[in-house]
Amino acid sequence: PVKTAGHAGDGLASMRTHSTPVKTAGHAGDGLSFMRKRFAAVGSTADGAISLREHSTLAQAEQSAEAWEAEHVQASAVQEDALKEAEPELGEYWLPWHIDSNFVTILHKEMYARESDGTLVPEPEGAGLLMMNKLGETTKFECSDEDALVLQMGAFGQIYSGGKLAACRHAVLSPRPPGIARFNYCNFWYVPWDTVCDTPKGMEKEAVNTGWNAMMDHSYLNITMRQSFSAFRKFMTSPEARIQFVDTVRFKELSETLPLHMQADRSESSSPHIQVDLLTDVRCPFSFISQSNLEAAISKSGMDEQVTLRFHPVFLNPDVPKEGECLDEYLWREYGYTKEFAHSEEYPLRIAGKEAGIDLNPARRVVNTFDAFCLIEVAQEKGLQRSMVQVISRRYFEEAQDISDEAILAAAAAECGLDPEEAMAQVSSPEFQGRVQGRYDVLSKQLNEVPHFLFRETVSGHGLEVGGLRSVEDWQEVLQRVLDKSSFVGMTVPGPFNKPVRLLEANPHAPVSLALTAQHGWMPKDWPYTDADFSRMDEGSDGIMYAKPRLVEHLDESSLQRLTGVYRAFFGAAPDGFSVLDLASSWNSHFPEEAVARAGKIVVHGLNAEELEANAVASERHVQDLNANPALPWETNTFDFVTLALSVQYFTNPRAVFAEINRVLRPGGMAVVAFSHRAFIEKAIQVWAQEPDNGEGHAHLICRYFQHGPEGGWEQLSTVDASPHRGDPLWLVTAVKAGLPSQQ
């Protein structure tokens, strides 16, 4: 339910589209090329709101490309004035902007001490509590009485009072001086977990926040205190919370529209990969110049193999007639620029092009680029999109060729290595024309200026959306910032046979990932459950329920891809010829193809023979009801791995099952238990069904299974949140069978 701040306008160096009037950006924009490294509150000319975003300057009215040169000097002065008026840079956050999920918080005192001996020290410069109002205006909290108590209303307090009490949006600044620890005395007042968060009748609208600065929208209504706290904690431990003013609303919208093309092979030592989606019209000069600078930045950063560019149509004017229009006439009619000025060496756009190594030809025409984008779509299927865009752009901008002409496009196809006849047949086909038209129809509603760049690190899905003309240096900084965001993801956990395994897609800050760490190694000495904990709503035979095959998936595609990635990482640490038992399996084990090819034996085990017969990776199949008979039929020390995906919640005698898993594994072999928030609830055991669906309680439950199944049989337990950026959660508990000598 917690939301980030609104999106940014792109400022000066953007071209507006034909279908949308020039607008003033509603929130802080990015300017021409000015970039900042810290957070500062910066004003917006449109609505008086103030947004805290990295690299922000005063938002300007979006300009057309040919109009930019007339105002760029004046705009630079406006930017400088805006910076003078901006508040001082505030520094880094210990806690990001948030609203507490409770009723009320009482803050007593914030203190600092040396980590070495606990000696109290003065508050470090730049530390403290920061407050924000509904307009986004921020101020550092100051109080003349250091013993005063601070009362902060939480989300429930605001909603219960129908908005008469305003929840406090705040953040905690921390300069993190070496050797200095921060601690805080406070009281958090909650209500019973099952209390529903409702509001006085007729006051629902006033009780919640709306607009760009909302952190409590209608999703907060009619949820329980437990659900509110769970959502709050999930947000506070997520990578998004740590970088919340970088991933904007539009970034999230565009990410939904343009899915990531995930990399199929990411080894432990591989470098992060970045996907850049460029939304533009190929006749936009700013786009060609900015893209050329980006290409130079990629090469200078040594990232040619790490960056994939993809191109999407946002036409400046989709209704340009086939014959086009003379650029000189267009510039004179629209902007009053004479032919002499537009052809001169002093023309600012021409100067900007030369700085990027581009000799813009003033004799080019304004043409329809729909077919050109269809050809780019054809090339994109074969991985030739970058070279195709370069060829088309060079022919248009430097050679003034008509890129709406079929012969010109066929020549461009041949130059890129495509069969020109086949390529042009695809260009005119309903399939490719429908793709381009459909994507334009969607994107044109989300953007009203080009060019626009969407950067995402492909594992985490985090990144930036950036618009307009950027220098090579600007793009290098953008690339580095995207790489920095990948550091919020990834965990190294114990793997098979004393080999550490890097899970690139895991979130190390999630509650599930911290479940064991938070308990500092503590586990209950005795088995803490009773027989009643393993009762079920439906105590009938499992064989009856699973008599008919279910050839369906139980998680969405993105989560199953993550599961395959987990298996890829763990299996990759084993030698060729390894053996796997996929316990309580079905028709799809989700093992990666390359791992299957390396495996010596893959045994699938489950309740339905037809499902197991459909499992293509199996070299052996075994039907068995573990609740009726938990004894496995294989010899001791048979397998290198036992995998158990999405079924652990149904075991009525888990200690016996986990003891058998331990027995059939070789010493140093590994068990991987994967689970999510879904279950056939009538068949789930009571202790599982009573836990919240946030994964943490279930992770502790599975850890107890390992601890007591059998006692002393397992070591190196790990709990991991490997959930995708969007999709069903995917949580893991892993353990290694004890008994492998340390030197092996």
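**Close-up views of a predicted model**

Of the 744 residues in the protein chain, 54% count as buried (under 20% relative accessible area, with exposed over 50% and partly exposed in between, using a 1.4 Å probe and protein chains only). This is a predicted model, in which local features need pLDDT of at least 70 and side-chain atom pairs count only at pLDDT 80 or more, while totals for chains, interfaces and linings use all residues. Residues are numbered from 1 along each chain as its sequence is written, and side-chain values use heavy atoms, with hydrogens and water left out.

View 1. Among contacts (heavy atoms within 4.5 Å) with a separation of 6 or more, 74% are accounted for by residues 24 or more positions apart.

**View 2. S161, in the loop between α2 (155–160) and β10 (169–173).** S161 counts as buried because its relative accessibility is 17%. A polar atom of the S161 side chain lies 3.1 Å from the backbone oxygen of Q158. That distance falls under the rule for a polar contact: a pair of N or O atoms within 3.5 Å; within protein, one must be able to donate a hydrogen and the other to accept it, and residues adjacent in sequence count only if both atoms are side-chain atoms. Leaving aside residues up to four places away in sequence, S161 touches P200 and M203.

**View 3. E660, in helix α21 (residues 654–664).** E660 has 15% relative accessibility, so this residue counts as buried. A polar atom of the E660 side chain lies 2.7 Å from the backbone nitrogen of L632. L632 is also one of the residues that E660 touches; the others are P630 and A631, not counting residues up to four places away in sequence.

**View 4. The crossing of α12 and α13.** The two axes come within 9 Å and cross at roughly 135 degrees. Axes here are lines fitted to C-alpha atoms, for helices over the stretch in contact, and angles run from 0 to 180 degrees between N-to-C directions. That angle makes α12 oblique to α13 (under 35 degrees is roughly parallel, over 145 roughly antiparallel, 65 to 115 roughly perpendicular, and the rest oblique). From α12, the contact is made by M388, V391, I392, R394 and R395; from α13, by I408, L409, A411, A412, A413 and E415. These contact residues divide into 8 nonpolar, no polar and 3 charged. Nonpolar covers Ala, Val, Leu, Ile, Met, Phe, Trp, Tyr, Cys and Pro; charged covers Asp, Glu, Lys and Arg; the others, Gly among them, are polar.

**View 5. A400, in the loop between α12 (385–398) and α13 (406–415).** A400 is not a glycine, yet its phi is positive, at about 55 degrees. With 26% relative accessibility, A400 counts as partly exposed.

**View 6. A584, in the loop between β21 (579–583) and α19 (593–598).** A584 also has a positive phi, about 50 degrees, although it is not a glycine.

**View 7. Cis peptide bonds at P451 and P710.** V450 and P451 are joined by a cis peptide bond with omega about 0 degrees. P451 lies in the loop between β16 (449–450) and β17 (452–457). G709 and P710 are joined by a cis peptide bond with omega about -10 degrees. P710 sits in the loop between α23 (696–707) and β26 (714–721).

Methods:
Helix = DSSP H or I, 4+ residues; strand = E, 2+ residues; numbered from the N terminus.
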